[in-house]
Amino acid sequence: MLLCQPPVKLFRFQQRRNVRSLSNRFSFTRLLSSVPQAQASLDKECIEFLPWLEQIGGAKIADSLSIGKSTYGRSLFASKVIHAGDCILKVPFKAQITPDELPPYIRDSLTNEVGNIGKLAAVLLIEWKTGQNSKWFPYISRLPWPAEMHNTIFWSEDEFNMIRCSAVHKETIKQKAQIENEFSLVAHALTQHIPGLTKRPDLEEFMYAYALVGSRAWETSKGISLIPFADFINHDGLSASFVLCDEDSQLSRISADRNYSPGDEVLINYGEFSNATLMLDFGFTLPYNIHDEVQIQMDVPNEDPLRNMKLELLQTHRTRRVKDISIFHSSCDTFKIKEVKSAKGKGKGIPQSLRAFARVLCCTIPQELTDLSKEAAKNDGRLARLPFEDRSRELEAHKIILSHINRLIEDHSACIKEMEASNCHSVSQRFAVKRQMARDLLFGELRVLRSAAEWLDRYCTKLFSTP
Ligand SMILES: C[S@@+](CC[C@H](N)C(=O)[O-])C[C@H]1O[C@@H](n2cnc3c(N)ncnc32)[C@H](O)[C@@H]1O
C-alpha cells in the first residue's frame, strides 16, 4: 500500500473502452489468458476521464498532465512545461474511493477480520456488479486487467518455485490464505445483503480486486483511499514527489520534484519498499533497489533444554520491534537485514535484535539467562544488547548467525543457478516478466546477505585480533 505524507502511503493493479457490461469485463478465463489489444486513443481517454473526475470532485484537478501509455501500463505525462515545486494535481477527498462507500449494513456485517484492503476490494466488487450504472464506472473500467498484473499471488507453481528460497514465497502463501479467509466473509455479506446479486462473487474476482487495491490505494485518514488519476502515476524510487494529504483543504496533492518538458513521464515515489514488498504487493521490482532487505527467521531448537526459558525471556523482552509497512509481519524470531554499506565494517552492521537473539541462543545454563535478564533491567530493558565479556561466547553467538546467513546464500545461489540454467528464449512474455522479477529479487537479497556475511566475518576476526 502507498503512503501519503502525512500520513498517506500507497497500499501494499488498464482497461478496454466500450465495455458493454462488467460481467463481460469480468469474464475471467478470457481476461486471465490475454492482455487487451491496443488501447483506444489515450489522449481521448484523458479528454473524457479528467473532466468526469473534476465534476465528481467539484474542482479543477490538473491542467498540465495527460494520461498515456508507458512501459508499465497507464501513466501520467506532462502536457505542458512543469517546474520543480509546481503543484501538478489536487484530488478532492470527495473524488476518492474509501471503505466508507460500503453500504452500512454490509460494513456492519464485516468483522474486524476483514481489513481495509478487503473492505475496499468489496467496494470494487459491488461497483463492478453495478456495471455502467456505477458512479465510479469511468474509473473502474480504466484499471489494469488481471493479465497485466504480476503480483506473486497470481504466479503459477513453476513461476513461484523460482523464488522458493526467499521469504516472499512464504509471505505469498500467507497473503493468499488471508485473502481466502476475507473472501468467504465478504462473499457471505454481499450475497446476504445485495438483493439483486444473482451470482456469488468468486475468489478470483476478489483476489483481483484485492491486488488492485493493494497496489494503488494510499493510507489516509479514512483508513485507505483509492485516489483516481493520482494512481495512474508510476513509481521512481529516487523521486522526491509524494502524495500529500491536506485535511484542512480536504484534498490530496502532488508537487513536482523536478522540471518536466511536455511529453515527459511524470513519476512519484510510492515509499521505501524492498523488491520483496514491491513484488508481493505491487507486482513489480526494481533492477537495483537500495531498499532491499532479507527477512530471516531463527529458531530456538526443540532439543535445547533451556528452550522454554529462552522463549519466555525473548517474548518478555521482545528482542525485536519493527515498524512494519508491508504485509511482512514481525515476531521475536524474525529479523530484517539490510545491506551493510561500509566495507570497513562501520555503519549499522546487522540488527542488534538479531545479535541479541543469538546471544540468548548460546546460553547453556539458566544462570546465564538470569544474568542477561538482570543486565537488561539495569540498562534500557533490552535483552542481550552488550557483547559477552567472554569473547569465545560472543564469537559463538555470531557464528550461529553467520552459518544461518551462509545457508541462505547457498540457497539463493542454487535458485539463481537453476533459473539461469532454464533460461531459454521460447518463454511467454508474462513468464519472462516474472523471471526478471525473480532475478531482481534474488540478486538483491544475495547482495544483502553477502554484505551481512562479510560484516560478521570481520566482526569475528576482530574479536580475537584486538587485545
Ligand atoms: C499506482 S499504479 C500506477 C498506474 C499503473 N501503471 C496503471 O496502469 O494503472 C501501480 C502499478 O503500476 C505499475 N508500476 C508502477 N511503477 C512501476 C515501475 N517503476 N516498474 C514497473 N511497474 C510499475 C505496477 O503494475 C504497479 O502495481
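Q: How much of the chain counts as buried?
A: Of its 467 residues, 42% count as buried. A residue is buried if 20 or more other C-beta atoms lie within 10 Å of its own, exposed if 12 or fewer, and partly exposed in between, with C-beta atoms placed from the backbone.

Q: Where does the model come from, and how do I count residues?
A: This is a predicted model: local features need pLDDT of at least 70, side-chain atom pairs count only at pLDDT 80 or more, and totals for chains, interfaces and linings use all residues. Residues are numbered from 1 along each chain as its sequence is written.

Q: How many helices and strands?
A: The chain has 15 helices and 13 strands. Helices (H or I, at least four residues) and strands (E, at least two) are DSSP runs, numbered from the N terminus.

Q: And which domains?
A: Domain 1 covers 2–282 and domain 2 covers 293–465. The bounds come from an automatic or database domain assignment.

Q: How many residues of each are in contact?
A: 23 residues of domain 1 are in contact with 21 of domain 2. In contact means that the C-beta atoms, placed from the backbone, lie within 7 Å.

Q: Which helix gives the most to the domain 1 side?
A: Helix 10, with 6 residues. That side divides into 10 nonpolar, 7 polar and 6 charged residues. Ala, Val, Leu, Ile, Met, Phe, Trp, Tyr, Cys and Pro count as nonpolar, Asp, Glu, Lys and Arg as charged, and the others, Gly among them, as polar.

Q: Is helix 10 buried or exposed?
A: Helix 10 (residues 275–282) is mostly covered, with 8 of its 8 residues buried. Among them are Asn275, Leu278 and Phe282.

Q: What do they pack against?
A: Helix 8 (167–193), helix 9 and helix 15 (429–465). Just after helix 10, Gly283 takes a positive phi of about 75°.

Q: What about the largest nonpolar core?
A: It has 117 residues. Such a core is a set of buried Ala, Val, Leu, Ile, Met, Phe, Trp, Tyr and Cys residues joined through C-beta atoms within 7 Å. Ala121, Leu124, Val213, Val360 and Ala452 touch the most other members. Helix 15 gives the largest share, 11 residues.

Q: Which residues is Ala452 in contact with?
A: Leaving aside neighbours within four places in sequence, Ala452 is in contact with Ile337, Val340, Ile350 and Ile405.

Q: Where is Cys87?
A: In strand 5 (residues 87–92). Cys87 is partly exposed because 13 other C-beta atoms lie within 10 Å.

Q: How do strand 6 and strand 7 pair?
A: Strand 6 (residues 217–220) and strand 7 (residues 223–226) pair in the antiparallel sense over 4 bridges. Two strands pair if DSSP finds at least two bridges between them. A hairpin joins strand 6 to strand 7 through 2 residues.

Note on methods:
Contact = placed C-beta atoms within 7 Å.
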